[in-house]
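I open the notebook and load the model.

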Amino acid sequence: MIDVTLFQNDSGDYVGFRMTGHAEYAEYGYDIVCSAVTSNAIGVDNSLNLLAKVEFESEIGQEGMIECIVKESCLNDKTDLLFEHFKLTMEMIKGQYPKNIKILKK
């Protein structure tokens, strides 16, 4: 199962996310759930860099781990929109594949 953790600050604004695990929907190379979740995470990471142009920490690691955290002072309307889009997309994927993705908020 893929665990997606959405990080919020004290004001409730999204500041980042972390994904870990594997969807285990299909064998490696054919897993559409893993592909959808991963491509959306990488898309948000790229958009924070190239479109929002904000400072953030990003890490892509072993076992499907992707983490992206925006510096608190850099949050703005663009980062809000990107994180809301990511949350919505993850919720829609979870709706279709509830056994393969879990969403947590911290």
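Is Lys 53 buried or exposed? I checked its relative accessible area, which comes to 66%, so I log Lys 53 as exposed. The model is predicted, and I read every entry below with that in mind.

**Entry 1: positive phi**

I placed Lys 53 in the loop between helix 1 and strand 3. Most residues other than glycine have a negative phi. I then looked for other cases. Glu 24 also turned up, again not a glycine, with a positive phi of about 60 degrees. I found Glu 24 in the loop between strand 2 and helix 1, which spans 32–50. I looked up its accessibility too: at a relative accessible area of 64%, Glu 24 is exposed.

**Entry 2: strand 1 and its partners**

I moved on to the strands. Strand 1 covers residues 2–8 and is mostly covered, with five of its seven residues buried. Which strands pair with strand 1? I traced strand 2, residues 14–21, running antiparallel to strand 1 and joined to it by seven bridges. I also traced strand 5, residues 101–105, which pairs with strand 1 in the parallel sense over five bridges. I noted Arg 18 as its bridge partner in strand 2. In strand 5, the bridge partner of Thr 5 is Leu 104.

I then went to the turn. The hairpin of strand 1 and strand 2 has five residues between the strands. I recorded a positive phi near 90 degrees for Gly 12 in this hairpin.

**Entry 3: strand 4 and its partners**

Strand 4 came next, at residues 66–70. Four of its five residues are buried, so I describe strand 4 as largely enclosed by the rest of the structure. I counted four bridges between strand 2 and strand 4, in the antiparallel sense. Phe 17 stands opposite Cys 68 of strand 4. Strand 3 also joins strand 4, antiparallel, through five bridges. I noted Ile 60 with Ile 66 in strand 4 as its bridge partner.

Strand 3 and strand 4 form a hairpin, and I found five residues between them. In that turn, Glu 63 has a positive phi of about 60 degrees.

**Entry 4: Phe 56**

I looked up its relative accessibility, 18%, so Phe 56 counts as buried. The cut-off for buried is under 20%. Its bridge partner in strand 4 is Val 70.

What does Phe 56 touch, beyond residues up to four places away in sequence? I listed Asp 45, Leu 48, Asn 49, Cys 68, Ile 69, Val 70 and Lys 71. I also took the distance to Phe 83, 27 residues apart from Phe 56 along the chain. The two C-alpha atoms are separated by 13 Å.

**Entry 5: cysteines**

How many disulfides are there? I counted zero. I checked the sulfur distances against the cut-off of 2.5 Å. For Cys 34, the closest cysteine sulfur is that of Cys 68, 18 Å away, so the pair is too far for a bond. For Cys 74, the closest is again in Cys 68, at 12 Å, and this too is too far for a bond. Cys 34 is partly exposed at 24%. Cys 74 is buried, with a relative accessible area of 15%.

**Entry 6: the largest pocket**

I finished with open space. Rolling a probe the size of a water molecule over the atoms shows where empty space is left. The largest pocket has a volume of about 190 Å³. Which residues line the largest pocket? I wrote down His 22, Ala 26, Tyr 28, Gly 29, Tyr 30, Asp 31, Cys 34, Ser 35 and Gly 64. I sorted the lining by class: four nonpolar, four polar and one charged. Cys 34, from the previous entry, is one of these lining residues.

Terms used:
Residues numbered from 1 in each chain as written. Predicted model: local features only at pLDDT ≥ 70, side-chain atom pairs only at ≥ 80, totals over all residues. Heavy atoms only, no water. Buried < 20%, exposed > 50% of the residue type's maximum accessible area, 1.4 Å probe, protein only. Contact = heavy atoms within 4.5 Å. 1 Å grid on protein atoms, 1.4 Å probe; cavity = no way out; pocket = protein on both sides within 12 Å on 5 of 7 lines; lining within 4 Å. Points joined across faces, edges and corners; volume = space filled by probe spheres on them. Nonpolar A, V, L, I, M, F, W, Y, C, P; charged D, E, K, R; others polar. Helix = DSSP H or I, 4+ residues; strand = E, 2+ residues; numbered from the N terminus. Pairing = 2+ DSSP bridges.
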